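Work through the exercises below with the sequence and the coordinates at hand. Each task is followed by a stepwise solution.

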Amino acid sequence: MYSTSYMSLNDAIDWTSIAAVGPTAQDLLIGGKRVPAISGRYFETLDPATEQVIARVAEADAADIDLAVRSARQAFDGEWGRMRPSERGQALLRWADLIRRNAEELVELESLNSGKPVASIRRQDLPAVLDTLTYYAGWADKISGQVIPTRSDALTYTVREAVGVVGAIVPWNFPLMIGMWKIAPALACGCTVVLKPAELTPLTALRLGELALEAGIPAGVLNVVPGFGKTAGAALVNHPDVDKVTFTGSPNVGRTILQSAAVNFKRVTLELGGKSANIIFPDANLEQAVKAACAGIFFNSGQVCSAGSRILVHQDIYNEFLEKFAARASTMRIGDPRDESTAMGPLVSAAQMNRVLEYVAVGVNEGARLVTGGTRHGKSGYFVKPTIFADVKHEMRIAQEEIFGPVAVVIPFKDEEDALRIANGTSYSLAAGVWSADMGRIHRFTRSLKAGTIWVNTYGPTDVRLPWGGNRESGFGREHGEAAIDNFTEPKVVWIHTGPPTQNASAAPLN
Ligand code: ADP
């Protein structure tokens, strides 16, 4: 059934009836061409809803990464690096237009490869991809330096220059969206990119790369090299000609990347895990809080770094909350991601499903009360039912470790101090939610909570205009907004002596 010959994604594959066509072969995208891996190796990628192989994907390793980095360097030193910023912006807008016109194909492909429900990709991921791209297209010709007054015999100013070749390593939970969070600002700044998608979800990244070429973005500006983390990913991080690495994934890999990048002082941005607290006070609008708590943990089957996985509920409303929360969770439609009414699809892989089920066993052993879920849904596909643990103690592993699945832990608290101690008591600091009608309390809390983003009386919305990220095991640096422009540019100072040559200050260098 395997097609061994090269087949472009442009050849109108009907991905929804892949069972009839059989898996296709997908090659790397390097220097504007689809090419097999130098080793000739392919790996299989699956539909997590059916466990069927949907494609064989060329497996990049160090040799292919080297080619991709060279091609990105050539494009940086060539046409892209020299292009007028406004033209770069126009090219990004043409790309956005093509993504819009091919949106349905991307939605279906993303769903097929990741198990994400089509309805939520259409409503959330694709609009975010387009918003990110058009937002940063607008930045392309607005990245400026400053004239900074220093002394009367000098004109001193800064320019912002693109850092160069960027290695972007992305995870499988939002392949298109997180990919674009990295590519769009990098390209807007004039950088070129080698994108390594997650080995579990490489397909939409390849299609994005093809659309970029079709939009007239020059060959080599965006290279897409699927492969495994320890080979392709590590080779990208270790490559001496990569200037900057931007990574989203697990804290352990983030730590390795930071260590490797130290060898030649690469710039690094890391967006890592979370164990975010969603804190509900007795004066909150309970109906809204229940609704948002459900979406906060079960959206994308809990495979979200900012998932509201710890729900802290004041003891006065604890039982009422639990009852309503469990009732709502049990009505969530779980099943075929291609069904428009599905709210929860499968987890991305058998490994992820097993990891989540292991955590359920850990929770039961630790003495937490399993209120609902905790088992697989159906016999094929990696579905896990929405799961709620009650009476969870802050010290338990299920309250401290990131599960990355549809598992909510509900922890009672008695007062603000108690809530704050629990909320800040993990090694993460990505996001948090606070539900209250008391403005004084909201201000006190937002001041004291350790989190990169705090939602008040809502949970989960993000916007590319706002800085995104956390500290400690949640990351290093910020993405989005102007922060991303800073990530992909370097300031350069120009000091022009404007006084008479006889009064030149150059005789007193600082270093
Ligand atoms: P998860 O455990 O959720 O799959 P990972 O952090 O392992 O998250 O993976 C996120 C991305 O990091 C993937 O693209 C993966 O291939 C890549 N990756 C994994 N290990 C390494 C590594 N040692 N160096 C560089 N990239 C890696």
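Predicted model: local features only at pLDDT ≥ 70, side-chain atom pairs only at ≥ 80, totals over all residues.

Residues are numbered from 1 along each chain as its sequence is written, and side-chain values use heavy atoms, with hydrogens and water left out.

**Exercise 1.** Determine how helices α6 and α7 are oriented to each other and which residues meet.

Step 1. Helices (DSSP runs of H or I, at least four residues) are numbered from the N terminus. Axes are lines fitted to C-alpha atoms over the stretch in contact, and angles run from 0 to 180 degrees between N-to-C directions.

Step 2. For α6 (residues 118–139) and α7 (residues 175–188), the axes are 9 Å apart and the angle is about 5°. The two helices α6 and α7 are therefore roughly parallel; angles under 35 degrees count as roughly parallel, over 145 as roughly antiparallel, 65 to 115 as roughly perpendicular and the rest as oblique.

Step 3. Contact means heavy atoms within 4.5 Å. From α6, Q124, D125, L126, A128, V129, T132, L133 and Y136 meet L176, M177, M180, W181, A184, P185 and A188 of α7.

Step 4. The residues of this α6–α7 contact divide into 12 nonpolar, two polar and one charged. Here Ala, Val, Leu, Ile, Met, Phe, Trp, Tyr, Cys and Pro count as nonpolar, Asp, Glu, Lys and Arg as charged, and the others, Gly among them, as polar.

**Exercise 2.** Describe the crossing of α2 and α9.

Step 1. The axes of α2 (residues 62–77) and α9 (residues 229–238) come within 8 Å and cross at roughly 40°, so α2 and α9 are oblique to each other.

Step 2. A62, I65 and V69 of α2 meet A232, A235 and L236 of α9. That contact comprises six nonpolar, no polar and no charged residues.

**Exercise 3.** How many residues surround the ligand?

Step 1. There are 15 (heavy atom within 4 Å), the closest being V170, W172, K196, E199 and S250.

Step 2. A polar side-chain atom of E199 is 2.6 Å from a ligand oxygen atom.

Conventions
Left-handed = near helix turned anticlockwise from the far one by under 90°. Polar contact = N/O pair within 3.5 Å; in protein donor to acceptor, adjacent residues only side chain to side chain.
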